[in-house]
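Student: Hi! Could you walk me through this one? I'm new to it.

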Amino acid sequence: MSDKPKIVAGLTLFLALVAFPVWYTLGGESEVAAPELEYPSDADVCVEDTEYMTANHMDLLNQWRNAVVREGRREYVAASGERYVMSLTGTCLDCHTSRDEFCTRCHDYANVEPKCWDCHVDPGETE
Amino acid sequence: MMDESRRSFLKETGWAALGLGCGFPLLTTACGDSSAQEESVGQAGASRQWAMVVDIEKCMEEEIRDACITACHRAHNVPDISDPEDEVKWIWSEEYQNVFPDQVHTNTASKIRQAPVLILCNHCDSPPCVRVCPTQATWKRDEDGIVMMDMHRCIGCRYCIAACPYGSRSFNWRDPQDFIERDTNGEYYSDYPTRTKGVVEKCNFCAERLREGLQPACVEAVNQVDGGAGALVFGDLGEPDSEVNQILGERLTIARRVGLGTGPNVYYIV
């Protein structure tokens with residue numbers, strides 16, 4: 001029984017390592033602050049409700065993309081009855097003037113990398 | 001009794017099988033034919049087909065050719081890559097002998113052989129690029145006959161490049177944004193979406209301008225150059241009185257490699 005201390009020490013170390021994800025999150029103040037987004041100052045309403053846009057803007061943009069590119073339709077009628085031109089750079093960025101302080105901040109927080117800006121040109125974009 | 005009914009049963013079954021075997025194909029072809037006919041009649045009657053007429057003689061002026069190439073490439077943020085292996089082109093010029101290899105004979109003067117001719121996508125009636133595209137990233141629009149590209153869908157397989165007999169398509173071997181001409185403020189000339197590395201691109205007959213009721217950028221540009229009016233004429237083949245139809249009705253025009261049956265819609269006044 002002379003190996004008892006070694007075994008106990010080994011077991012303790014093993015359990016500590018296995019439980020690492022649990023105690024690491026318990027211990028540290030690891031919560032990431034929600035991103036501070038810059039909302040447009042000169043517009044009150046988005047194309048749809050803010051709640052809907054937050055959750056579903058990617059689906060809406062995909063719908064817009066298909067409508068414009070595949071079907072040649074340009075006009076979007078919102079739930080409110082308001083009509084909009086379906087255009088990422090024309091309509092969205094017209095209000096959300098700063099891509100970096102709106103789109104990118106939240107996408108970084110959510111750890112997603114949409115490919116929109118690989119091609120779509122930000123109107124104010126320079127070299 | 002038993003034998004006879006069995007015999008008659010077999011005979012009837014045989015006739016029925018024969019009837020089914022012959023009747024079905026006849027029926028289906030008959031039905032298929034009529035629907036195909038309706039479709040082709042509908043296409044000829046209702047829809048439009050954009051087309052362009054290039055006046056080769058007027059386009060001999062370098063100034064005119066440069067004006068339309070610059071206008072097009074600025075309007076669509078086409079990268080300017082000098083390496084011919086990587087270059088991207090929407091409208092450009094090639095020597096007559098290469099544009100119309102079947103029009104050149106042993107005694108064609110070298111002056112004519114080497115004459116520059118503007119070329120672009122022919123927006124064919126039956127585009128081979130569309131047939132080979134595995135993702136339908138390129139398709140022919142029913143409403144106006146433009147062969148469109150959807151860059152979101154292009155996977156860069158380059159089948160379309162292999163299929164196009166006119167070399168109208170370019171592949172983005174490099175990130176095009178590094179090679180796009182900018183104005184003095186460092187901004188793009190146009191807000192037309194650039195492309196990305198790994199997709200194929202080509203002339204779209206300025207679909208985005210046609211939507212606004214404008215003429216294609218190249219046509220507008222040549223009309224602003226002295227002596228350039230009419231060097232490029234754009235219009236609808238479906239409209240009997242359109243300017244392109246008038247020219248095609250009066251002048252001697254040719255198109256590229258018509259023997260292939262692709263039905264090119266860019267015509268040349270020789």
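Tutor: Strand β9 of chain B is joined to β10 (residues 266-269) of chain B by 3 bridges, and the two run antiparallel. Strands here are DSSP runs of E with at least two residues, helices are runs of H or I with at least four, and both are numbered from the N terminus. Two strands pair if DSSP finds at least two bridges between them.

Student: Before we go on, what kind of model is this?

Tutor: This is a predicted model, where local features need pLDDT of at least 70, side-chain atom pairs count only at pLDDT 80 or more, and totals for chains, interfaces and linings use all residues. Residues are numbered from 1 along each chain as its sequence is written, while chains are lettered from A and ligands numbered from 1 in the order in which they are written.

Student: Thanks. Which residue is the bridge partner of Thr253(B)?

Tutor: Ile269(B), in β10(B).

Student: And what order do the strands of the open sheet have?

Tutor: In chain B, the 4 strands run β8-β1-β10-β9, with mixed pairing. β8 (232-236) and β9 (253-255) of chain B each have a single partner strand, so one side of each has no neighbour in the sheet. From one strand to the next, the twist averages 30°.

Student: Which helix packs on the sheet?

Tutor: Helix α9 (residues 243-250) of chain B, which touches β1 (50-55), β8, β9 and β10 of chain B. Touching, or contact, means that the C-beta atoms, placed from the backbone, lie within 7 Å.

Student: New topic: how many residues are in the largest nonpolar core?

Tutor: 58, and those with the most contacts inside this core include Val54(B), Cys68(B) and Leu232(B). Such a core is a set of buried Ala, Val, Leu, Ile, Met, Phe, Trp, Tyr and Cys residues joined through C-beta atoms within 7 Å. Buried means 20 or more other C-beta atoms within 10 Å of a residue's own, exposed means 12 or fewer, and partly exposed is in between; the C-beta atoms are placed from the backbone. α2(B) gives the largest share, 7 residues.

Student: What does Leu232(B) touch?

Tutor: Leaving out residues up to four places away in sequence, its contacts include Met52(B), Val54(B) and Val222(B).

Student: Last one: where is Phe205(B) found?

Tutor: In the loop between β7 (200-201) and α7 (207-210) of chain B. Phe205(B) is buried, with 25 other C-beta atoms within 10 Å.

Terms used:
Axes are lines fitted to C-alpha atoms, for helices over the stretch in contact, and angles run from 0 to 180 degrees between N-to-C directions. Two residues are in contact if their C-beta atoms, placed from the backbone, lie within 7 Å.
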